[in-house]
Amino acid sequence: MTPTRNTIAQALATDLDRAFPHLVTLYQRELFSGIRTMVPSHSDAEDTMQDVFLKAYQSLTGWGNERRASLSVRPWLWMIATNTCRNRARTKGRRPTEVELLIGVQDPTESQPEPNLELDEWADRLAALTMPARTAVVLRHVVGLRIDEIAEIVKRPEGTVKADIHRGLKKLRTMLEEVSL
Amino acid sequence: MTSLITNQLENLQTDAPPATIERVLVSTGVIDYFAPMSWKHGTLWVSWNGHGVSCVAPGDDPEPFIDRHAAKVGRHVARSRGVPLRLRDLISQTISSGRLGTLRVDLRGVGPFQLDVLTTIQDIPPGELRTYAWVAEHMGRPRAVRAVGSALNRNPVPILIPCHRVGTSDGSVGNYAFGATMKRTLLADEGLDMQTLDGYVAAGFRFMGSVNNTVYCFPSCVRARSIHPTNRVMFKSHDAASDAGYRPCTVCTPHGSPS
């Protein structure tokens with residue numbers, strides 16, 4: 001039976017290599033959409049997401065069955081994702097990603113990114129926010145995580161996360177109003 | 001205005017690029033990529049993942065390679081556009097130098113005995129020929145000669161891990177997964193004089209000694225090859241050599257056990 005979001009943790013605990021492709025299938029759309037709004041370009045998002053899944057797999061291999069079975073998969077993936085986005089933003093310039101180091105640089109003809117102009121625009125706007133505000137807004141409104149889940153992911157109190165979101169949305173509103181004036 | 005923004009944010013969903021799952025699974029080593037590359041003798045099929053090169057075979061068509069990969073590795077394998085440049089360079093380097101160097105190989109599916117065999121033979125220098133019995137002796141498993149032979153036959157990464165440098169006890173090259181001719185070609189590429197070797201085998205000569213230092217070697221040992229022709233003496237067995245007062249070379253250790 002194909003694992004669902006509800007059963008994936010148990011499936012990962014039972015047979016990691018069989019379940020892992022399903023983990024990717026279940027979360028790649030959500031991760032890609034959210035990550036795309038936190039990094040400068042489509043190809044950055046692609047690289048970042050590949051690294052997120054690789055790190056996830058590497059963690060899972062180091063864990064026992066019990067730890068895998070009790071994992072809250074979604075917030076855990078987003079914790080890896082936000083850390084990876086932040087670290088990529090810190091390192092200046094284009095460095096080969098973990099995945100590229102392991103299996104080589106991607107053939108540019110392999111994936112033709114379909115431009116999603118709306119996403120590109122929003123990514124540009126969100127880039128103007130502070131890192132905590134952007135992360136909180138994306139996790140809350142693009143991804144749809146709960147405040148308590150976000151608080152755990154970014155390791156900030158719930159009240160602070162709420163304030164981050166509020167500040168972020170306010171800034172976005174100002175930006176949109178300036179454009180429409 | 002704020003609810004307009006949050007509504008728009010909530011609708012920012014887009015599909016991940018199609019290659020995502022494949023690249024992720026290859027980097028984690030759950031599946032492999034494969035592709036052909038050219039080498040000295042035509043086309044070499046290579047599969048790899050984040051752990052290294054997992055399977056190699058020469059040949060014109062992909063089908064035999066896919067079958068071979070299925071038998072030796074057993075993971076799902078996806079066709080890639082080509083072997084990544086860096087990996088291609090490392091493989092070419094390994095083939096031309098005869099040593100793995102920094103090239104990584106994925107031997108996760110290999111059992112402990114076979115792993116021991118494959119590790120042992122990596123120390124055989126390019127252009128030199130040892131025997132199955134020598135490998136068995138070296139591993140401290142002198143009676144496992146046949147098991148060594150079958151472990152080498154199942155080598156998932158031939159050419160890179162040099163099972164072509166191990167032959168039968170009479171000094172001939174023996175069998176090879178890709179035919180004895182390919183095995184001879186690979187050894188000749190590495191500088192082994194096949195004609196001379198054939199001559200020794202035909203005459204029943206298995207070892208070569210030097211009258212100067214009374215040391216005997218495998219004829220392909222770097223030391224044996226440096227013995228001046230007038231100082232050479234040939235032996236048909238260990239006993240013949242030791243009866244003549246010769247001791248085994250410490251470099252090629254023709255008696256098998258590590259010094």
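**Entry 1: the contact between the chains**

I started with the contact, which draws 42 residues from chain A and 31 residues from chain B. I note at once that this is a predicted model. I looked up the buried area next. Chain A and chain B bury about 3500 Å² between them. Carbon and sulfur atoms carry 65% of that area. Then I asked which three residues supply more of the area that chain A buries than any other three. They are A:Arg29, A:Ile103 and A:Trp122, with 19% of what chain A buries against chain B.

I checked for charged pairs. The rule finds one salt bridge across the interface of chain A and chain B. A:Arg29 forms a salt bridge with B:Asp15. Their closest N and O atoms are 2.7 Å apart. I also took the polar contacts between chain A and chain B: the count is seven residue pairs, both residues at pLDDT 80 or more.

I then listed the elements on the side of chain A that touches chain B. Those giving two or more residues are α2 (16–36), α3 (42–62), α6, α7 (117–127), α8 (131–143) and α10 (158–180) of chain A. Which of them gives the largest share? I found α2(A), with ten residues.

**Entry 2: confidence in chain A**

I looked up the pLDDT values. Chain A averages 89, and 93% of its residues score at least 70. Where in chain A is confidence lowest, and where highest? Helix α6 (residues 98–103) of chain A has the lowest mean, 78. Helix α9 (residues 147–154) of chain A has the highest, 96. I keep in mind that helix α6 of chain A is among the elements touching chain B. Where pLDDT is low, the predicted coordinates should not be read in detail.

**Entry 3: domains of chain B**

I turned to chain B. Its domain assignment gives domain 1 (20–97), domain 2 (110–189) and domain 3 (205–259). I read off the separation of domain 1 of chain B and domain 3 of chain B. Their C-alpha centres lie 40 Å apart.

**Entry 4: B:Arg99**

I picked one residue of chain B to follow. B:Arg99 sits in the loop between α4 (85–97) and α5 (112–121) of chain B.

I listed its partners, leaving aside neighbours within four places in sequence. B:Arg99 is in contact with B:Thr94, B:Pro125 and B:Pro126. I also looked up B:Leu160. B:Arg99 and B:Leu160 are 61 residues apart in sequence, yet 7.3 Å apart in space, C-alpha to C-alpha.

Note on methods
Residues numbered from 1 in each chain as written. Chains lettered and ligands numbered in written order. Predicted model: local features only at pLDDT ≥ 70, side-chain atom pairs only at ≥ 80, totals over all residues. Heavy atoms only, no water. Domains from an automatic or database assignment. Helix = DSSP H or I, 4+ residues; strand = E, 2+ residues; numbered from the N terminus. Contact = heavy atoms within 4.5 Å. pLDDT = per-residue confidence, 0-100. Buried area = accessible area lost by both parts, 1.4 Å probe. Salt bridge = Lys/Arg side-chain N within 4 Å of Asp/Glu carboxyl O. Polar contact = N/O pair within 3.5 Å; in protein donor to acceptor, adjacent residues only side chain to side chain.
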